[in-house]
Amino acid sequence: MKIIQVKISDLKPAEYNPRKISKEDYDQLKKSISEFGCVDPIIVNENPERQNIVIGGHQRLKVMRDLKLKECPVFYVNLDPKKEKELNVRLNKNQGEWDFDLLLENFELEDLKGFGFDDLEEKINKINN
């Protein structure tokens, strides 16, 4: 797997991308990228039919553009349009769930709230009832 730095201006969001982001999640993502940089590469198609179309990482790309960053890490794949769309959905669908017991065992509640888990207590109460 080879990850390379690519000019953000060269990347094109997929016109069909069904993901959206709330203001709260956007703000948390922006805070994370501002502090740590983009440590999760953008997945981009290198197929000649779909050159530089983003498959995964649309929200990170939006934040990086808003932050006026010039480059980001990219992992290129070569997919036909049908497989490109499938991967786009699979990247967002297969995200798993949180183990709240492990979170609370290993992190302070206030830290978790600062990481974006604003409604953590509410979720825990729902699980325990």
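Contact here means heavy atoms within 4.5 Å. The structure is a predicted model, in which local features need pLDDT of at least 70 and side-chain atom pairs count only at pLDDT 80 or more, while totals for chains, interfaces and linings use all residues. Residues are numbered from 1 along each chain as its sequence is written, and side-chain values use heavy atoms, with hydrogens and water left out.

**Exercise 1. Describe the surroundings of His58, beginning with the residues that it touches.**

Step 1. Not counting residues up to four places away in sequence, His58 touches Pro13, Ala14, Asn17 and Asn88.

Step 2. His58 belongs to helix H2, residues 58-66; helices (H or I, at least four residues) and strands (E, at least two) are DSSP runs, numbered from the N terminus.

Step 3. The relative accessible area of His58 is 12%, which makes it buried, given that buried means under 20% relative accessible area, exposed over 50% and partly exposed in between, with a 1.4 Å probe and protein chains only.

Step 4. Look next for polar contacts, pairs of N or O atoms within 3.5 Å, where within protein one must be able to donate a hydrogen and the other to accept it, and where residues adjacent in sequence count only if both atoms are side-chain atoms. The His58 side chain reaches the backbone nitrogen of Ala14 at 3.0 Å, and a polar atom of that side chain lies 3.3 Å from the backbone oxygen of Val54.

**Exercise 2. Work out the arrangement of the strands in the open sheet.**

Step 1. Two strands pair if DSSP finds at least two bridges between them. Strand E1 (residues 3-7) and E5 run antiparallel and are joined by five bridges, with Phe75 in E5 as the bridge partner of Ile3.

Step 2. E3 and E5 run parallel, joined by four bridges, and here Asn45 has Val77 in E5 as its bridge partner.

Step 3. The open sheet therefore has five strands in the order E1-E5-E3-E4-E2, with mixed pairing, and E1 and E2 stand at its edges, each with a single partner strand, so that one side of each is left without a neighbour in the sheet.

Step 4. H2 packs on this sheet, touching E2, E3, E4 and E5, and its direction makes about 125° with that of E4. H3 lies across E3, E4 and E5, running at about 40° to E4; axes are lines fitted to C-alpha atoms, for helices over the stretch in contact, and angles run from 0 to 180 degrees between N-to-C directions.

Step 5. As for burial, six of the seven residues of E5 are buried, while the buried residues of H2 are His58, Gln59, Arg60, Leu61, Val63 and Met64.

**Exercise 3. Are Asn52 and Lys68, two residues with positive phi, buried or exposed?**

Step 1. Asn52, a residue other than glycine, has phi near 70°, and its place is in the loop between strand E3 (42-45) and strand E4 (53-56). With a relative accessible area of 13%, Asn52 is buried.

Step 2. With a relative accessible area of 64%, Lys68 is exposed.
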